[in-house]
Amino acid sequence: MSLHNMRNYICTALLTVILGLFLYYAENNLNPYSVRILNLLAINAILAISLNLIYGFTGMFSLGHAGFMAIGAYVCTLLILTPDQKVAMWLLEDMPDFLLHLSLPFFPAVILGGLVAMLFSLIIAVPSLRLGGDYLGIATLGFAEIIRVVITNIPSITNGSLGIKGIPEYANLWWNYGWLLFTLYFIYALLKSNVGNIFKAIRDDEIAARTMGVNAFFYKVLSFCVGGFFAGVGGALTATLISTIDPKMFNFMLTFNILMIVVAGGLGSITGSILGSVVITIMLEWLRIVEDPFSIGDFEVAGIPGMRMVIFSLMLLLIIIFRRSGLLGMREFSWDAVFNFFNRRKQEEWRRS
Amino acid sequence: MSLEMFTQHLFNALALGALYGLIAIGYTMVYGILRLINFAHGDIFMLGAYLVFFTTIAFMPAWVAALLLGLTLLAFYSTFVGFGKKPPMWFWIPMAFSICMTGFYAFVAPMDFTPPWVLAAAFAIVVTSAIGITVDRVAYRPLRNAPRISALISAIGVSFFIESAAVVVFSGLPRPVRQPDILVQPIIFSLESITGNAESLVRVTPLAIIVPIISVVLILGLLWVIYRTKPGLAMRAISKDIETTRLMGVSVNKVIALTFGLGSALAAAAGIMWSLRYPQIFPYMGMMPGLKAFIAAVFGGIGSVQGAMIGGLMLGFMEIFIVAFFPELSGYRDAFAFILLIIILLWKPTGLMGEKLKEKI
């Protein structure tokens, strides 16, 4: 390991420790509302990174994220609920016996949620990845809608449109940020490896990649499945964070929010996705002011319900029209860039003196 | 299933399919020219329904109407004429209408007078088509040379913008639409001569008959525009090759704007008829019909107007008749369209009447 790399590793480790200390501080000192925003931020970052892998790095325009999230959320929820809770909640139809007594701890349940979402994304990928561009988007959107409709219509397993309430709130700061770090590390390693190069080659020119002997279909399915896994994990964490789920929650709006984060952060940039989720999540909360009544001096301004989404969608439009590359574009945050920035400044000072 | 039930379903399917077809035409025209899925089209459909609602049932202040008309005039004028040029003849038709409406609202509307229903519908169609043109101007034209997916994301953004703005302006509560009596008083006719049973009666609302007829008339008009007029010729040329068409001296942007205008006008007409047939309107009402109509357009072969109509009818028949034959599947109604989409995309991605597109390398 060169000195150079050592420096970067140490910096990353330090940053992780600082994050840990901050989380410790936040858990004990901040109010529940802020903690909730921090949690949401981590989950949004996981979802955005997984969508960015599919769309930003492999170039497949997928609008099916809400569907994978729904699967992850429902699988995880069904596994962590106790039999008593299930009996009490399933009003429409009774639950089949084998599901009733199936129960797992939180961590395996999340992983299983992710794996089932991955399985579904495999099933979806094999037929629909033969399509390209916007057709793929519509097909995946169609699959997500089908998943939602099916969940609504099998009340014996999912409790139908009533949804599930009272899910134990396992997903605290440590779980969410732990998963975020794992996602970050996994996808970073994947993209650093040769597989990542192949993904980018497919994104930039699929035909050229195929000419070079790349099995484009296999790698596209791979990327889609990994993205699906993390979307499922994100869904499971969402369910255990907000403690209620119903099929209506997982509509197109959810995919839209994640797409917004990815586009705002920069397609093809992992750190961009994180930055995007920080900015967008905080801004979405901050924009709630617009909907509440507030006063300027002596004037009472009535809040406008729904205004938040108007501003939000307007922002997406402005970003896509005027700054298509998002906040970071395809660049990544790296320690080299930071140190070079400071060194350059130092050199300039030295030269001036 | 008895014959009378079958006939009843037949009329329902025909009306629903015709409506899907009308919306699908807007998608197919825009996709044929720009290769862009105009996500906002479903919301334009919703705006059409709301505009009629606000001119006939709820109170629309005269100044709002005047403002809308002013914006409409501006949109039409700046797009098709440009400032300081002599406008072509056909331009004056919607123009004269708009000016008349301004006068109407300025002088007659304050005297507590609701405009006749047909006039309100025409007003809504003109304003909606101007909104369609504005959407193209603001959100799609700056992205003509960008990657296609950027324009698609922009379209999704516009769609959400219109929906959430509609929630703010019209409120998110569903509103009941008053149906004119003459359109819903059922016509009863007997099938006795076929079944031999005096009790086999079919009750059909006039609406279910009028909707397909109006749709066919509108589509014939559109086909006339596309195949028998100069702008139509330009549209067909652009869908073949946009750059060469531009070199031939066609002002491409105006023709595209016209396409958006025509598509949006049809969507508004569909929205108005939809709100009469399923008498409830809400800001998100355009989402599902919009997606389904896009699927109908893909099914019929994207880029082909006739194909869009056939696809719409097929989808309408499928939704009504699958549920009619297998009532236990009624919960899955919204999924049929998507399953159809996936089948058609895998089996014949160009659709029934679409032209084969070669992948350019």
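A nonpolar core, as the term is used here, is a set of buried Ala, Val, Leu, Ile, Met, Phe, Trp, Tyr and Cys residues joined through side-chain atoms within 4.5 Å. Keep that in mind as we walk through this structure, which is a predicted model.

Let's start in the middle of things. The largest nonpolar core has 203 residues, and the members that touch the most others are Phe61(A), Ile164(A), Leu259(A), Phe39(B), Tyr140(B), Ile153(B) and Ile156(B). Helix H1 of chain B, residues 3-34, is the top contributor to this core, giving 16 residues. Apart from it sits another core, this one of 8 residues, including Phe123(B), Ala124(B), Val127(B) and Ile272(B). In soluble globular proteins, nonpolar side chains tend to be buried together.

Setting aside neighbours within four places in sequence, Ile156(B) is in contact with Phe61(A), Leu63(A), Phe252(A), Phe256(A) and Leu259(A) from chain A, plus Phe39(B) from chain B.

Now for chain B as a whole. The chain has 15 helices and 4 strands, and 52% of its 361 residues count as buried. Of the chain B contacts with a separation of 6 or more, 75% are between residues 24 or more positions apart.

Aromatic rings are the next stop, with 29 aromatic pairs over all chains. One of them is Tyr50(B) with Phe54(B), a stacked pair at 6.2 Å centre to centre and 20° between the planes. Why is about one helical turn between these two? Because they are 4 residues apart in helix H2 of chain B, residues 41-56. Tyr50(B) has 0% relative accessibility, so it counts as buried, and Phe54(B) is buried too, with a relative accessible area of 15%.

Tyr50(B) has a second ring partner, Phe170(B): the centres are 4.3 Å apart and the planes are at 10°, so this pair is stacked as well. Here the link runs between distant parts of the chain, with Tyr50(B) in helix H2 and Phe170(B) in helix H6 (residues 148-170), 120 residues apart. Both Tyr50(B) and Phe170(B) are buried.

Over in chain A, ring pairs join up into a cluster that links Phe106(A), Phe107(A), Tyr170(A), Trp175(A), Trp179(A), Phe182(A), Phe186(A), Phe229(A) and Phe230(A).

Chain A also gives us some helix packing to look at. The axes of helix H14 (residues 270-286) and helix H16 (residues 307-322) come within 10 Å and cross at roughly 150°. Angles over 145 degrees count as roughly antiparallel, so that is the label for H14(A) and H16(A). Their crossing is right-handed, and at the meeting point Ile280(A), Met283(A) and Leu284(A) of H14(A) face Arg308(A), Phe312(A) and Met315(A) of H16(A) in contact.

Compare that with helix H2 of chain A (residues 32-57) and helix H10 of chain A (residues 194-204), whose axes come within 8 Å and cross at roughly 50°. At that angle H2(A) is oblique to H10(A). Leu53(A), Gly56(A) and Phe57(A) in H2(A) meet Phe199(A), Lys200(A) and Arg203(A) in H10(A).

Last, a loop. Leu92(A) lies between helix H4 (83-89) and helix H5 (97-100) of chain A. What does Leu92(A) touch, not counting residues up to four places away in sequence? The answer is Pro155(A), Asn159(A) and Leu162(A). As for Ser161(A), Leu92(A) is 69 residues away in sequence, with 9.7 Å from C-alpha to C-alpha.

Key
Residues are numbered from 1 along each chain as its sequence is written. Chains are lettered from A and ligands numbered from 1 in the order in which they are written. This is a predicted model: local features need pLDDT of at least 70, side-chain atom pairs count only at pLDDT 80 or more; totals for chains, interfaces and linings use all residues. Side-chain values use heavy atoms; hydrogens and water are left out. Contact means heavy atoms within 4.5 Å. Buried means under 20% relative accessible area, exposed over 50%, partly exposed in between (1.4 Å probe, protein chains only). Rings of Phe, Tyr and Trp (its six-membered ring) pair if their centres lie within 6.5 Å; planes under 30 degrees apart count as stacked, over 60 as edge-to-face and the rest as tilted. Axes are lines fitted to C-alpha atoms, for helices over the stretch in contact, and angles run from 0 to 180 degrees between N-to-C directions. Angles under 35 degrees count as roughly parallel, over 145 as roughly antiparallel, 65 to 115 as roughly perpendicular and the rest as oblique. A crossing is left-handed if the near helix is turned anticlockwise from the far one by less than a right angle, and right-handed if clockwise.
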